[in-house]
Structure formats: C-alpha cells, structure tokens
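Student: I'd like to learn how to read side-chain contacts off a model. Can we walk through some together?

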Amino acid sequence: KQKTAYEIGVRLVGSEMCIRDSSNIDSNISEDALPLWGIPETTFALLVKRSVLEGALEGFSIAGMYNSWGDSVLNRASNFNVPSGDKLGMVLGYGRGNWTARLRVDNLADEVELLPSKWWTGVGAIWERNWRLSLGYAF
C-alpha cells in the first residue's frame, strides 16, 4: 500500500472555515512484515468554524472539531491491539475590542477512548468530558 495524506482548507464565505485532513498508511511496512507500533492505519480530522462578522451577534464564533483514528498495535512485544476511536469537541468564542473569551468543551460524547501510543508500557486515553474557559487581552 502507499501512504496517502491530504488536507483541504477552504474559506467558504467570509466568516466560515472548513479544514479536512486525512491519511491512510500501510502499517505493515517493516522489513519483517510485522505491524509498526503506535501508528494507526487511518486517521481523519475535521475542523469547521463559523464567525459572526457583523450584526447583533458580531464577535461570536463557534467551532467544531472531529478526530478519528484506526486500530494500532501498542508495541511489538505485547502486540496489544489499541482499538479505533474518535473524539468530538466544540469551542464557543466571543471577542470585542482587545478582549476575547472562549469556552472549549472537549470529548462531547463523554466516552473514554484509548489513543495510539508509542509508550512501551501503556496507552494514552481521552478522559471524560472536560471544560476550559480562557480569557484574553491583546496589548
């Protein structure tokens, strides 16, 4: 198999943005035909953002992020299979003058998922839904 990857960035209408990224690789490309560890066979990412540039809601924005990954092998000693998974997140934002505020909600589905990992003794994980609030001021 060949490694394929592509990314498409499009500004749809002045205030809308969509970015898509995907890859498909042959994870059995080692000399001995054993799977490479920590490398999922497929990945996919999508970011969609909408910003209000004028009118009553000027300064507000909303963005959605989706990531998915295919099966992978933790390491060659254990051959533990890390199953495929996905994650959905959202960011609500508001900016006025020099101030910005953003609320990020990660893992909207509130499901714990294992992540592809290069760690020898453990896997990464997406934890429960979490919330982050940021306030910014530009000088």
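Predicted model: local features only at pLDDT ≥ 70, side-chain atom pairs only at ≥ 80, totals over all residues.

Student: How do I describe a pair of rings?

Tutor: You describe a pair of aromatic rings by the distance of the centres and the angle of the planes. Take Tyr137 and Phe139: their ring centres are 5.1 Å apart and their planes sit at 75 degrees, so this pair is edge-to-face. The cut-off behind that label is an angle over 60 degrees.

Student: Is Phe139 buried or exposed?

Tutor: Phe139 counts as exposed, at 95% relative accessibility. Tyr137 is partly exposed, with a relative accessible area of 37%.

Student: Now the charged side chains. How many salt bridges are there?

Tutor: The idea is to look for a side-chain nitrogen of Lys or Arg within 4 Å of a carboxyl oxygen of Asp or Glu. By that rule, you get 2 salt bridges. One of them joins Asp106 to Lys87, with the closest N and O atoms 3.8 Å apart. Asp106 lies in strand β8 (residues 99–106) and Lys87 in strand β7 (residues 85–96), so the pair ties together parts that are 19 residues apart in sequence.

Student: Which residue does Asp106 bridge to in strand β11?

Tutor: That's Arg132. Asp106 forms a salt bridge with Arg132, and the closest N and O atoms are 3.4 Å apart. Since Asp106 is in strand β8 and Arg132 in strand β11 (residues 130–137), this pair ties together parts that are 26 residues apart in sequence.

Student: What do Lys87, Asp106 and Arg132 form when taken as a group?

Tutor: They're linked in a network of salt bridges. Check the accessibility of each member too: Asp106 counts as buried at 10%, Lys87 is partly exposed at 22%, and Arg132 is partly exposed at 41%.

Key. Residues numbered from 1 in each chain as written. Heavy atoms only, no water. Helix = DSSP H or I, 4+ residues; strand = E, 2+ residues; numbered from the N terminus. Buried < 20%, exposed > 50% of the residue type's maximum accessible area, 1.4 Å probe, protein only. Phe/Tyr/Trp six-rings, centres within 6.5 Å; stacked < 30°, edge-to-face > 60°.
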